[in-house]
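Please look over the model below before reading on.

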Amino acid sequence: MSPFVAAALHANGQLPSERLPWIAADWLTAGHDGPALRELAGLSANDYREAAELLPAALAETGLAPPTKESGARAYLDHLYTGVLDGTLSEGELCWKVSDMRNFTHEVRGVWPFDELAEFEYQFNVRYDSPTDVQEQLVRKLCQDHRDRYFGGEALT
């Protein structure tokens with residue numbers, strides 16, 4: 001998991017602090033380095049409070065500032081769009097993840113791309129095993145439309 005995605009998830013309470021040491025260890029192996037990052041990677045899952053406290057400094061060592069809830073939600077949503085648009089995330093998985101995300105981040109409602117997605121979430125939840133091509137095409141179109149409207153058509157990452 002990239003620092004960008006981890007920061008976005010953590011900002012919205014979707015990344016448990018007890019997972020941060022393992023994620024930090026991955027960042028070290030990817031070439032990031034710094035004292036806070038090494039300390040974070042050396043913690044255990046039981047050190048979740050220390051992990052949460054070290055995260056801002058560790059992110060800074062990867063070149064990122066911790067996002068706000070709103071910017072984290074936007075960043076994660078855009079990460080999901082990228083997955084759908086490049087084919088690495090199914091439209092149904094997007095709907096499930098956005099549904100979870102909305103449950104965690106109800107105070108940043110302005111981030112949500114399209115009220116229409118609620119209908120697609122329902123369709124995918126009810127008939128997840130067999131979404132239609134039309135549903136999938138509409139979800140992909142909604143992802144691109146929202147990216148065009150709010151992010152200038154380009155990925156944030």
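Gly63, which follows helix H4, has a positive phi, near 95°; helices here are DSSP runs of H or I with at least four residues, strands are runs of E with at least two, and both are numbered from the N terminus. The model is predicted, so local features need pLDDT of at least 70 and side-chain atom pairs count only at pLDDT 80 or more, while totals for chains, interfaces and linings use all residues. Residues are numbered from 1 along each chain as its sequence is written, and side-chain values use heavy atoms, leaving out hydrogens and water.

H4 itself spans residues 48-61, and at Leu55 this helix bends by about 40°, with Pro56 following within four residues; the bend is the angle between axes fitted to the seven residues ending at a residue and the seven starting there. Its buried residues are Ala51, Leu54, Leu55, Ala58 and Leu59, where buried means under 20% relative accessible area, exposed over 50% and partly exposed in between, with a 1.4 Å probe and protein chains only. These buried residues pack against helices H1 (3-11), H2 (20-29) and H3 (35-41), a contact being heavy atoms within 4.5 Å.

Further along, Glu91 lies in helix H6, residues 91-104, and is buried with a relative accessible area of 8%. The side chains of Glu91 and Arg140 are joined by a polar contact of 2.3 Å, that is, a pair of N or O atoms within 3.5 Å, of which, within protein, one must be able to donate a hydrogen and the other to accept it, residues adjacent in sequence counting only if both atoms are side-chain atoms.

Over the whole chain there are eight helices and zero strands, and buried residues make up 41% of the 157 residues.

Technical notes:
The expected span of a helix is 1.5 Å times one less than its number of residues.
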